[in-house]
2 protein chains.
Amino acid sequence: MSEPTFVRPRVAVQRPHRADARRNFDALLEAAREVFAEQGTSGSLEEVARRAGVGIGTLYRNFPTRQDLFHAVYVDEIDQLCQTADDVADLPPWDALTAWLQRFIGYIATKRSILEELNRDSPMLKESKEAMYAAGEPLLARAQASGDARADLAFADLLQLVIGVANATYADEEQRRRVLALALDGARAGRSTA
Amino acid sequence: MSEPTFVRPRVAVQRPHRADARRNFDALLEAAREVFAEQGTSGSLEEVARRAGVGIGTLYRNFPTRQDLFHAVYVDEIDQLCQTADDVADLPPWDALTAWLQRFIGYIATKRSILEELNRDSPMLKESKEAMYAAGEPLLARAQASGDARADLAFADLLQLVIGVANATYADEEQRRRVLALALDGARAGRSTA
DNA sequence: ACAATAGCGGAGGGATACCTCCGCTACAAC
DNA sequence: GTTGTAGCGGAGGTATCCCTCCGCTATTGT
């Protein structure tokens, strides 16, 4: 059980074949990550190209529409996140769940605007959502089986709660931690903390 | 106790004196509310003026900077929210608190981007925050006194949690309700629901 | 080494946004 | 009614963005 043997569904981005093209592709993705995190989804594509050190034409060849770029950035992030589910497999049920959610927050925090934009009209994004579910849902199931988490809790709701907490802006990191703990107390079975 | 006699701190926006000016001011505020809710803080000011049916010059006279407009929209909203605290005064402690928070969500939901923008560098926004605290904090205090809410809960944390829940995007209204209930369970004293 | 070609960059046209400035309008006070 | 003036509107200069197009370059396969 500490070694999951099934193949986790991958939601990888299709990268170009030629070496220089692949280099540019990655640079663009990285630059887009930065720009969108800083300026939100309305960030300028020209700025993205500029920061990636490539021509604007190259950006448009790789990502014909703005949505394509959002999608690529997001999918790439989710892919990384899914893989971290393995890292927490050895922890006790409740700890594994919360640890993963903590990472989840870390990954998502800077992506609020992208997430919002994609949620608005999610066409093909479903698969990355499914992949994330496949990674996280077993963690909740395990915590429920061990009696740590409420049995009537849906994974989708839990995730939504955590996303909300992650997206909010806090006075300091300490408050973020407290609020998350508060939120997770609602997910825990039995009595809350003293 | 059901009739609070103290004067609630007001955070009103200073409106112009002349009749036509006041008309334009209000139209601008209303239009800004709409545009920012639809397009986020990067919405065009020219679109705001257009929708308000006034010249762009009038917009800039009333709100010299973009921040001024954000601020006015936000403060106006908070002002309305604070007043609803009276409406729930007659309910039992816990119900009063949750009812107010529900309204809070209703008011805030469409303002996520403004809130974010203002939080980033809040200079004079503090007073409206204080006014909101003055309106909501007693409700929590009452729920704590009656033993319904956790004694170790800070109002700021609770509010932040609710803001997070409010800002998230949900599949449907039903899910939003469930997630909020889940979050509030963490704030409740003693054991959670069965 | 060489050729074929996938991929590059950025000039440029059209659209829109920001913000200022100033002649004109209509409100308010008398 | 008259009149002084607060307030109006929008033209227009500048800046930026989006996106296309095409001559050039670098990579890959032989």
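The residues of the surface near DNA strand C divide into eight nonpolar, seven polar and eight charged, where Ala, Val, Leu, Ile, Met, Phe, Trp, Tyr, Cys and Pro count as nonpolar, Asp, Glu, Lys and Arg as charged, and the others, Gly among them, as polar. This is a predicted model, in which local features need pLDDT of at least 70 and side-chain atom pairs count only at pLDDT 80 or more, while totals for chains, interfaces and linings use all residues. Residues are numbered from 1 along each chain as its sequence is written, and chains are lettered from A and ligands numbered from 1 in the order in which they are written.

Helices are DSSP runs of H or I with at least four residues, numbered from the N terminus.

For DNA strand C, the largest share of the surface, four residues, comes from H3(A). For DNA strand D, H3(B) gives the most, with four residues, and the classes there are eight nonpolar, seven polar and eight charged residues.

Turning to the protein chains, the contact between them takes 26 residues from chain A and 27 residues from chain B, two residues being in contact if their C-beta atoms, placed from the backbone, lie within 7 Å. On the side of chain A that touches chain B, helix H6 (112–120), helix H8 (155–167) and helix H9 (173–185) of chain A each supply at least two residues, and the largest share, seven residues, comes from H8(A). By class, that side of chain A has nine nonpolar, eleven polar and six charged residues. Since 100% of the interface residues of chain A are also interface residues in chain B, the copies meet through the same surface.

When copies are superposed by least squares on the C-alpha atoms of residues with pLDDT of at least 70 in both, chain A can be laid on chain B with an RMSD of 0.1 Å by a turn of 180 degrees and a shift of 0.0 Å along the axis. That is the relation of a two-fold axis.
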